[in-house]
Amino acid sequence: MSHGTFVWADLSTFRFEKTQRFYADVMGWTFADGVAHTNGPVAAIYTMPEKFQSIGMPSFWMSYIAVTDVAEVAERAQTLGGKVELGPVAYDQGQIALVRDPLGAGFTIYSGPDFAVTASGAAARAGHGLFVSDVGAIRAFYEALFGWRFGSNDNGVYPVSLHGEHLFYCHEIPDPAIRGQEEYWAVYFASPDRDVLSRLESAGGAIVAHMDLPEGAAALARDPDGGHFVLLLEQDGKLSSSTNRIGTPWKAWIGIALIVLLSVSGEVWPWAIFLSAWILAGVRSGVTYLFEPITRLENPMTFWGIMGVYIILLALVIAAVASDLTVVT
């Protein structure tokens, strides 16, 4: 392992067994002692530490970066404007520390024996990416900490290298409506097959956004406990049919048909279908929308408040329909 290289990734989650089932169903991973496999080790899944649960932190994927000395790098990170959230602590036969950069994006530094990472190809870990509001605020931090070099800005995308070898891309996205409220590291996984997005939604996950990355077409996805990860949908230069599925949003077309039906018929009952669908989709995925995404894990009071409003409206619609039926009979 070379200082400043990515060596591992893991997921800190609330419901260990449920989360394993989700990724087994979606990615086709098998698990042994909390480690996901697909022709070799991919990543680890474990129960979130109580410290993070107590502050209401959502489930999160974590990128691991190798260093020669965890304690020294953690101390240097703080002098450079970062923050050490955890550690240094023992980890297996090595040491780790959880660090946040000056903008708040979190990552783990690691020193110790090499990880036995052999998985590649479909469903394997395919890379990492950094998404921040201002590259100027973190560039010197990472260059001093790991020896990385940020390349020229290409429409908000900066290639990052180590000793002349490409490592990853840093994305500068100032608008939180596009980037999301947080500054974050993302873990990328190669799509296992053509139907991954369909399985993801069926298993209780959600597609947060479709992305056009330098690595190819991708989707920002969320598991049922709020863990975000990136699925690379383009393989060997060809888009999978799960990407083509983006062009056929049949659920949206059904919604449009219902709106047209409401407009021309003046009927009240189709609203019951709308409201029932919104309620079921929100409860199932853990996210609803009212001008902006509201997640059950991050904003439970707001989430259930919106769900409560939808339920009340549904009850009123059902009462109105029942009243009309009574008058008719």
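I looked up V260 first. V260 is partly exposed, with a relative accessible area of 44%. My scale is this: buried is under 20% relative accessible area, exposed is over 50%, and partly exposed lies in between (1.4 Å probe, protein chains only).

I note the ground rules. The model is predicted: local features need pLDDT of at least 70, side-chain atom pairs count only at pLDDT 80 or more, and totals for chains, interfaces and linings use all residues. Residues are numbered from 1 along each chain as its sequence is written, and side-chain values use heavy atoms, with hydrogens and water left out.

**Nonpolar patch**

I placed V260 in helix α8. Helices (H or I, at least four residues) and strands (E, at least two) are DSSP runs, numbered from the N terminus. Which helix gives the most to the nonpolar patch? I found helix α8 (residues 250–265), with four residues.

**Open sheet**

Next I traced the sheet. Eight strands form an open sheet with mixed pairing, in the order β10-β11-β12-β9-β13-β16-β15-β14. β10 (149–150) and β14 are the edge strands, each pairing on one side only. I count two strands as paired if DSSP finds at least two bridges between them. Strands of a sheet pair through backbone hydrogen bonds, either parallel or antiparallel.

I then took strand β15 (residues 216–222). Seven of its seven residues are buried. On one pairing, β15 meets strand β14 (residues 206–213) in the antiparallel sense over seven bridges. There, D212 has A217 as its bridge partner, and I207 stands opposite A221.

The β15–β16 hairpin has five residues between its strands. I checked the turn: G226 has a positive phi of about 95°.

**Nonpolar cores**

I define a nonpolar core as a set of buried Ala, Val, Leu, Ile, Met, Phe, Trp, Tyr and Cys residues joined through side-chain atoms within 4.5 Å. The largest has 29 residues. F107, I109, Y142, W148 and C170 have the most contacts inside it. At least two residues of this core come from each of α3 (70–79), β7 (94–100), β8 (106–111), β9 (125–132), α4 (139–146), β11 (157–162) and β12 (165–172). Another core, of 26 residues, lies apart from it, with M27, V42, F189 and V196 among its members.

I listed the contacts of Y142 (contact means heavy atoms within 4.5 Å). Not counting residues up to four places away in sequence, Y142 touches D101, A105, F107, L130, G147, W148, F150 and W185.

I also looked at S111, found in strand β8. Is S111 buried or exposed? At 15% relative accessibility, S111 counts as buried. Leaving aside neighbours within four places in sequence, S111 is in contact with V67, T68, V70, G94 and Q95.

**Salt bridges**

My criterion is a side-chain nitrogen of Lys or Arg within 4 Å of a carboxyl oxygen of Asp or Glu. The count comes to seven salt bridges.

I followed E85 through two of its pairings. E85 meets K83 at 3.8 Å, N to O. K83 is partly exposed, at 48% relative accessible area. E85 also forms a salt bridge with R100, with the closest N and O atoms 3.0 Å apart. E85 lies in strand β6 (residues 83–91) and R100 in strand β7, so this pair ties together parts that are 15 residues apart in sequence. R100 is partly exposed too, with a relative accessible area of 22%.

I then noted D193 with R199, the closest N and O atoms being 2.9 Å apart. D193 counts as partly exposed at 32% relative accessibility. R199 is partly exposed as well, at 25%. Last, I grouped the bridges by shared partners: K83, E85 and R100 are joined into one network.
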